[in-house]
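Below are my notes on the model, as numbered points. Please read them with the structure open.

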Amino acid sequence: MAYETITLAVDNHVALVTLNRPDALNALNDVLMTELADALKGCQENEKVRCIVITGSEKAFAAGADIAMMKDKSFVDAFAGDLFTPETDQIMRVRKPIIAAVSGYALGGGCELAMMCDFIICSETAKFGQPEINLGVVAGIGGTQRLTRIVGKSKAMDMNLTGRFMDAEEAERSGLVSRVVPVKKLMEETMSAAQKIAEKSMVSVMVVKEAVNRAYEVPLREGLLFERRVFHSLFATEDQKEGMSAFLEKREAQFRDK
């Protein structure tokens with residue numbers, strides 16, 4: 001389908017989803033979130049897609065949720081309509097890896113969207129923040145929960161209570177992003193990472209995503225048991241035989257997702 005607020009391109013097994021509301025610094029409104037959820041659902045169902053990249057512009061990944069859209073909503077509107085829940089639930093159901101390529105502002109909902117991705121690569125101009133406190137509200141799609149799990153209580157409290165921004169250097173130091181690169185190299189670096197992932201066994205890739213995410217949900221003992229059992233289960237796949245044979249034969253593995 002044709003989208004109004006995002007663009008979608010698939011090349012060499014990597015889907016590139018670009019947020020495209022430049023006049024609003026890619027603020028997340030109903031249309032954008034619906035289209036993003038639909039595009040990611042389509043990527044999940046498309047056998048040609050093996051990895052997904054979400055990005056914005058050099059100026060802004062996404063500067064937050066659309067305040068103009070939210071300003072006049074009542075509690076009943078937000079609660080009964082379950083604001084942002086269906087779309088974010090759909091995003092979290094995607095089993096293929098998603099990389100956020102962040103340049104410029106990733107604030108409020110933009111920071112939360114980036115954290116919903118499996119990892120973040122950012123440019124040296126990136127700025128992350130949860131400034132909802134300045135609007136008389138609180139983060140609503142992970143800014144108090146995912147951020148705390150990633151950077152710890154002290155920094156999460158600081159960012160959510162003061163509304164201050166975290167620059168790229170601090171974000172990398174705090175574990176919010178996996179790497180920082182020059183602005184002009186951001187997409188090259190991100191697409192290279194996506195391409196490397198796309199070359200792996202999709203079965204193993206999805207297991208990695210499930211296993212790492214489980215680390216945030218269960219006690220260590222249960223997480224280790226889950227990890228060990230999925231490790232054992234992969235010995236039932238053709239890709240395990242191919243991967244280990246290729247290693248011993250000093251050649252590139254040819255995975256078939258079986």
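1. Lysine 250 counts as exposed, at 77% relative accessibility; buried means under 20% relative accessible area, exposed over 50%, and partly exposed in between, with a 1.4 Å probe and protein chains only. Lysine 250 is found in the segment after helix 12 (238-248). Its phi is near 55 degrees, a positive value in a residue other than glycine. Helices (H or I, at least four residues) and strands (E, at least two) are DSSP runs, numbered from the N terminus.

2. This is a predicted model, in which local features need pLDDT of at least 70 and side-chain atom pairs count only at pLDDT 80 or more, while totals for chains, interfaces and linings use all residues. Residues are numbered from 1 along each chain as its sequence is written, and side-chain values use heavy atoms, with hydrogens and water left out.

3. Histidine 13 also has a positive phi, of about 75 degrees, although it is not a glycine. Histidine 13 lies in the loop between strand 1 (6-11) and strand 2 (14-19), and it is partly exposed, with a relative accessible area of 37%.

4. What is the order of the strands in the open sheet of 6 strands? It is 1-2-3-5-7-10, with mixed pairing; two strands pair if DSSP finds at least two bridges between them. Strand 1 and strand 10 (179-181) are at the edges with a single partner strand each, so one side of each has no neighbour in the sheet. Within the sheet, strand 3 (residues 51-55) and strand 5 (residues 98-102) run parallel and are joined by 4 bridges. Threonine 55 stands opposite alanine 101 in strand 5.

5. The structure holds 0 disulfides, a disulfide being a pair of cysteine sulfur atoms within 2.5 Å. Cysteine 117 is in none; the nearest cysteine sulfur, that of cysteine 51, is 10 Å away. Cysteine 117 is buried, with a relative accessible area of 8%. Cysteine 122 is buried as well, at 0%. Its sulfur is 11 Å from the closest cysteine sulfur, in cysteine 111, which is too far for a bond.

6. The largest pocket holds about 860 Å³ of space. On a 1 Å grid over the protein atoms alone, a pocket is an open set of points where a 1.4 Å probe fits, with protein on both sides within 12 Å along at least five of seven lines, and lining residues have an atom within 4 Å of a point. Grid points are joined across faces, edges and corners, and a volume is the space filled by probe spheres set on the points. The lining has 32 residues, and Met115, Cys117, Asp118, Val212 and Asn213 lie nearest the centre. Helix 10 gives the most to this lining, with 8 residues.

7. About 630 Å³ of space lies in the second largest pocket. Its lining has 26 residues, the closest to its centre being Ala65, Met70, Glu132, Leu135 and Val137. Helix 2 (67-70), helix 3 (75-80) and helix 5 give two or more residues each to this lining.
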